[in-house]
Amino acid sequence: MTAYDPVLIAHVREPNSYTLDFYLQHGGYDALKTALAKKPDEIIEIVKASGLRGRGGAGFPTGMKWQFVDKKIEPRYIVCNADESEPGTFKDHLLMERNPHLLIEGCAIGCYAIGAKVAYIYIRGEFFHVQGVLERAIDEAYAKGFLGRNILGSGFDCDVFVHRGAGAYEAGEETALLESLEGKRAQPRNKPPFPAVAGLYGKPSAVNNVETLCNVPVIVSKGVEWYTSVGPEKNGGPKLYCVSGHVRKPGVFEASMNVTLRELINDYAGGVREGRTLKAVIPGGSSVPILLPDQLDTRASFDDIQKAGSLLGSAAIVVLDDSTCMVWLAENLLHFYRHESCGKCTPCREGTDWLHKILQRIEHGEGQMRDLDLLQSISGNIGGKTLCAFGDAAVTPVLTTLKHFRHEYEAHIKEGRCTLPAPWRATHPVGAHA
Amino acid sequence: MSFHPKMAYGATFHKSARQLEDEGPPFAYTAENRARFEEIVKRYPAERRRSAVLPALYLAQYQQGYITANAIRHVAELLGITRADVEDVVSYYTMFYAKPVGKFVINVCRTLSCAINGAERVTEELCAKLSLKPGETDPTGTFTLMEVECLGACDRAPVVMVNDAWHECLAPEAATRLVDDLRARGEAALSGCHHVVERRRG
């Protein structure tokens, strides 16, 4: 295992890690003090030089995003995307629940850098308990003068508010999140204009993931040189990995992006369970292509995973052992996408419904060989034909399982049943036409 | 309307099937909720009161248990938007209920990481124990059973959310016990959401 000292989640297992006192004892809000002594442009330059890439999924450089924010128009906003809904992802959940002040500090520095006075943290509706933790932490920060008017005597004002969603995966897409924050359905906008030009209320906004903003205080206190020295070139800084599925010790693990998938699965998460072998790995949430066991020595960095044919996404590593039926897996995920499609673009709204129905009938032994071509053809009519990336995400589970596990689909159809039932699945599955 | 005999379009699912909310009893916020509402609305620019529609609806739902047409009217008036604007939001987000639900709404996560750790079995056990299908409420109004998509706690699978509280690592064999526990102790029966999974699993 590569030697690495965690910085983002170093103290999260300690009982009071979420309190302001604890945070201050561990150097909390020092980065805000350092930042306020510099000019806003300098902060943007520092973040740019650090090479920090967005941790939400796209990996876009954060410094660039902040630079693009139109500084001529007032007011401007920081919107923190805490809608963490990508299946397999739970890192922001841990950060907000156990280290909320790091996020608040990140929001304040972000606001200072782009000249915003308000940051909204949009959390998903299911994170009711997280809202409580965040709001208490925000109150503490106001009381000690880290938020509010004239912060630390610098003349800089900043408010942070928590806004709770109400159950919509699509709200994790940045423009859909802005729509939701404006009090509408979480449906994506046409781009351009990008949020940096016309975001929240049509004003210049930066939408950043929780983990991204949590990296900002770290960059400011530890410096660009340290930050870029952690991990491979262009993939610097600490990274949180969510490992779940068929492993002994699932959890959130912090490492540099030098870490390999094999290390994450075997050393950090304890490997697959007794008597089972690894069948496939989803390296970045349900929306990315599957990697196979012979690709485990790939470094878990944005660029390396992409070279291996997948995406790091939200670093949600779902480990699948040999008891997993890949047709069932595609059906399970398409149930998700069908349910979560926001309904704005026809190909996605209708197509995910059809994909799920076809997968369901194959899984229940009622499929025909021509269904496989139908799956390909429907997928081709969704991917790239929607306003947001949801369409591409939704067809990925179908295309990737068809590519690597076509024989399983064929076996289902030939034998007229699921050829790989598992004890952890429903004993009486609800059939396609039951 | 179906164009395919084996795939009845909309038989189980259709986004545009518009159901009108129950009219419900007359609705207005309690004084406490009204004060809370006024406080929330201040977080957004004065001309952007509409932003408060989700928190305003949560207040209504906590007060009355579900969202009625009268509640929608009240929220719309307070925010200065149309009833259609509010109804649009209510019908879109899954966490607002347009029909009365049980005292305990049990939401079982059904997405991949939970599913491969036994979530489907959890649902089966709960269905059998409660004599309910997902989406139904029992006649006494105590339990509503729902299947939901990824809750974002995949390391502690299978996860269920009961009302706003969480219960983690729910083995299928323990599901029926949880129901009895909920009856006896209410939400105190739930493990809550704590990051103690490493300790628990050794």
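1. Tyr29(A) deserves a look. In this predicted model, its phi is near 65 degrees, a positive value in a residue other than glycine. Tyr29(A) sits in the loop between helix H1 (20–25) and helix H2 (30–36) of chain A. It has 22 C-beta neighbours inside 10 Å, so it counts as buried.

2. Tyr201(A) also has a positive phi, about 55 degrees, and is not a glycine. Its loop lies between H8 and E4 of chain A. With 16 C-beta neighbours inside 10 Å, Tyr201(A) counts as partly exposed. Most residues other than glycine have a negative phi.

3. Check two cis peptide bonds. One runs from Lys191(A) to Pro192(A), with omega near -5 degrees. Pro192(A) is in the loop between helix H8 (174–181) and strand E4 (205–209) of chain A. Another joins Ala157(B) and Pro158(B), with omega about -10 degrees. Pro158(B) belongs to the loop between strand E2 (143–148) and strand E3 (160–162) of chain B.

4. Helix H2 (residues 53–64) of chain B has 12 residues and spans 16 Å from first C-alpha to last, close to the 16 Å expected. Its buried residues include Val53(B), Leu54(B), Leu57(B) and Tyr58(B). Their cover includes strand E3 (159–164) of chain A and, from chain B, helices H1 (31–41), H3 (69–79) and H4 (83–92). Just after H2(B), Gly65(B) takes a positive phi of about 95 degrees.

5. In chain B, the axes of helix H6 (residues 119–130) and helix H7 (residues 175–185) come within 8 Å and cross at roughly 50 degrees. The pair is therefore oblique. H6(B) contributes Val122(B), Glu125(B), Leu126(B), Lys129(B) and Leu130(B) to the contact; H7(B) contributes Ala175(B), Thr176(B) and Val179(B). By type, the contact residues are five nonpolar, one polar and two charged.

Technical notes. Residues numbered from 1 in each chain as written. Chains lettered and ligands numbered in written order. Predicted model: local features only at pLDDT ≥ 70, side-chain atom pairs only at ≥ 80, totals over all residues. Axes fitted to C-alpha atoms, helices over the stretch in contact; angles between N-to-C directions. Helix = DSSP H or I, 4+ residues; strand = E, 2+ residues; numbered from the N terminus. Parallel < 35°, antiparallel > 145°, perpendicular 65-115°, else oblique. Contact = placed C-beta atoms within 7 Å. Nonpolar A, V, L, I, M, F, W, Y, C, P; charged D, E, K, R; others polar. Expected span 1.5 Å × (residues − 1). Buried ≥ 20, exposed ≤ 12 C-beta atoms within 10 Å, placed from the backbone.
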